[in-house]
Amino acid sequence: MFSLIKIEWLKIKKYPAFWWMLAIVTLTYPGTNMMFYYIYSKSINGKEVANNVAKMLLGNPFAFPETWHTVAFLSSVFIIIPSILVIMLVTNEYNYKTHRQNIIDGWSRNQFVTSKLFDVLIISLVSTMMFTLVASIFGMYADPDNLNRWAEQLQYIPLFFIQTFAQLTVAFLIGFLIKKAFIALGFFLFYDLILEKIAVGYLRFKTDDLGRFLPLEISNRILPWPAFTNRFGKDAKDWYVKSVAAIPEFLIYTFILTAAIWAFCYYLHKRRDL
Amino acid sequence: MEPILSIEGISKSYGNIQALKNVSYEVPQGAVFGLLGPNGSGKTTMLSIILDILKANSGTFKWFGNPGSPETRKRIGSLLETPNFYHYLSAVDNLKITSAISGRGNDQSIEDVLKVVKLYERRNSRFSTYSLGMKQRLAIGAALLGNPEVLLFDEPTNGLDPVGIAEIRELIKVLAKQGKTIIMASHLLDEVEKVCTHVAIMKRGTLLAAGPVNEVLANEDIVELASENSLKLKSVLETFPGYLSISENDSFIQLHFPFGTAPMEAINKHCFENGIVLNQIILKKKSLESKFFELTND
């Protein structure tokens with residue numbers, strides 16, 4: 001198992017796109033959160049009544065322990081960046097025909113899929129580490145008085161990891177099946193940014209929220225909207241409480257879907273012509 | 001001695017197209033085994049199946065007496081169809097991956113094979129910057145890595161210049177002398193004729209013939225004769241017993257005998273006793289090319 005990771009690292013460490021992704025994630029995670037933090041600071045740091053109302057309503061979403069949830073939610077929007085890398089790493093193998101060569105050289109077909117599973121794990125871990133770092137810095141900076149509450153709501157770190165891994169798994173599946181980098185990337189971008197969002201919204205009104213079972217939405221719901229959203233009236237509060245309460249249920253769905261995708265990849269790869 | 005590779009009744013189809021039809025043969029240890037056939041005859045499909053890239057519809061194969069597995073593949077240095085490497089990595093980094101997967105070779109042997117295939121100077125350049133011939137050399141280098149006991153080359157001289165082709169031919173001869181078993185698919189007959197000990201000929205998925213080169217390719221002895229008076233020579237030869245057929249062209253006459261039976265001295269004596277002095281008498285085997293056309297033509 002360790003040797004698989006070592007070999008994948010040989011492939012990844014000199015792959016420019018990996019370092020590009022890391023650089024972009026390093027910029028976007030703090031960048032997006034900074035943007036929101038700036039808007040937040042603007043809205044509370046005034047002398048107007050409205051500013052005080054805003055402060056009362058919002059609390060400080062970037063202070064400990066809320067920072068874990070807020071930063072996780074805002075950063076998870078950028079799943080698209082590591083997804084591009086995951087899709088490139090699998091479609092590269094088809095493009096270079098190294099998916100054949102790895103087998104010829106002595107991997108089993110299962111080992112090949114496992115090596116890709118490790119790629120997705122490694123990228124999820126790197127993203128989670130970046131998120132943890134950004135959330136900690138915001139927590140320390142936003143409200144030093146709350147430092148002693150840093151250990152609350154730490155569950156958002158594993159939840160962020162699980163969501164990232166689950167959504168990158170969907171990206172992997174698309175690359176694994178479509179094989180061509182640009183078609184897979186285009187399809188994933190279109191599906192993630194447009195198609196599923198429309199479908200979820202449409203199904204929410206037309207059916208009993210069946211959109212919750214769409215592949216990315218399932219894991220979107222393990223990181224619900226941040227807590228400050230519950231302060232805009234009773235409906236919002238009900239909705240927030242309900243979505244937090246639904247996390248365990250969607251966690252189970254996420255596990256089932258992710259495991260099913262990987263099982264399917266193993267099954268397919270073992271039987272098909274390469 | 002147990003064959004290195006034995007193939008039993010392999011069939012493979014892609015939809016309606018039957019790429020391989022019940023193919024069976026064996027590759028003995030130490031053989032240089034040429035797999036011949038026109039484009040689309042199923043050579044690469046065959047090699048892909050025994051390397052677990054494609055799944056056969058029926059039939060089995062054994063390497064070293066065992067069913068094919070990752071462990072058996074690690075003992076075979078293979079170049080299948082095209083050089084498959086990570087474009088953004090250098091030759092050295094690519095071979096490190098080959099070495100890590102196969103367990104063959106180490107840093108020192110990576111340098112050594114790069115010298116053998118003449119890529120040492122460019123060892124740190126990205127694969128994507130290589131010419132076609134250099135890519136092919138790297139693929140051969142990867143197959144040689146760690147000195148495996150069996151080598152499998154699919155069109156090894158693809159993309160190489162004439163010097164490169166000659167070098168690969170020499171390399172194969174050297175490897176054969178070291179006792180390695182070499183399986184080589186090619187449509188370059190000349191190449192196969194010069195290095196192979198065994199041969200299998202395929203056409204449209206069917207195995208036409210397989211066995212030692214001498215048996216498969218030379219089922220006739222051809223004696224080529226010439227003298228000053230070819231008319232008289234012909235009439236004298238027609239009285240010689242035991243030949244299968246006789247043919248002539250402008251400069252010589254050919255007598256055909258069953259394989260291994262041409263009595264050169266007796267022919268020479270017969271001519272001389274009948275007043276013919278020969279200025280040429282040569283025993284020829286049928287060339288691979290003519291045999292190949294004979295076998296693969298409809």
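**Notes on the predicted model**

1. Taken over C-alpha atoms, the centres of domain 1 and domain 2 of chain B are separated by 39 Å in this predicted model. The domain assignment places domain 1 of chain B at residues 5-216 and domain 2 of chain B at residues 219-296.

2. Where these two domains meet, domain 1 of chain B contributes 9 residues to the contact and domain 2 of chain B contributes 5 residues. On the domain 1 side, at least two residues each come from α7 (189-195), β9 (198-203) and β10 (206-212) of chain B, and α7(B) gives the most, with 3 residues. By class, this side of domain 1 of chain B holds 7 nonpolar and 2 charged residues, with no polar ones.

3. Chain B also contains an open sheet of 4 strands, which run in the order β2-β1-β4-β5 with antiparallel pairing. Its edge strands are β2 (17-27) and β5 (66-67) of chain B, each of which pairs on one side only. Strands of a sheet pair through backbone hydrogen bonds, either parallel or antiparallel.

4. Within that sheet, strand β1 (residues 5-14) of chain B is joined to β2(B) in the antiparallel sense over 7 bridges, and B:Leu5 has B:Val27 in β2(B) as its bridge partner. Helix α1 (residues 43-50) of chain B packs on the sheet, where it touches β1, β2 and β4 (58-63) of chain B, and the direction of this helix makes about 115° with that of β1(B).

5. Which element gives the most to the side of chain A that touches chain B? The contact between the chains takes 23 residues from chain A and 25 residues from chain B, and on the chain A side both α1 (2-13) and α6 (98-104) of chain A supply at least two residues each. It is α6(A) that gives the most, with 6 residues. The residues of chain A on this side divide into 9 nonpolar, 6 polar and 8 charged.

6. As to confidence, the model scores ipTM 0.87 and pTM 0.86, while chain B has a mean pLDDT of 88, with 97% of its residues at 70 or more. Among the elements of chain B, helix α3 (residues 91-102) has the highest mean pLDDT, 96, whereas helix α11 (residues 288-296) has the lowest, 72. Where pLDDT is low, the predicted coordinates should not be read in detail.

Key: Residues are numbered from 1 along each chain as its sequence is written. Chains are lettered from A and ligands numbered from 1 in the order in which they are written. This is a predicted model: local features need pLDDT of at least 70, side-chain atom pairs count only at pLDDT 80 or more; totals for chains, interfaces and linings use all residues. Two residues are in contact if their C-beta atoms, placed from the backbone, lie within 7 Å. Ala, Val, Leu, Ile, Met, Phe, Trp, Tyr, Cys and Pro count as nonpolar, Asp, Glu, Lys and Arg as charged, and the others, Gly among them, as polar. Domain bounds come from an automatic or database domain assignment. Two strands pair if DSSP finds at least two bridges between them. Axes are lines fitted to C-alpha atoms, for helices over the stretch in contact, and angles run from 0 to 180 degrees between N-to-C directions. pLDDT is the predictor's confidence in each residue, from 0 to 100.
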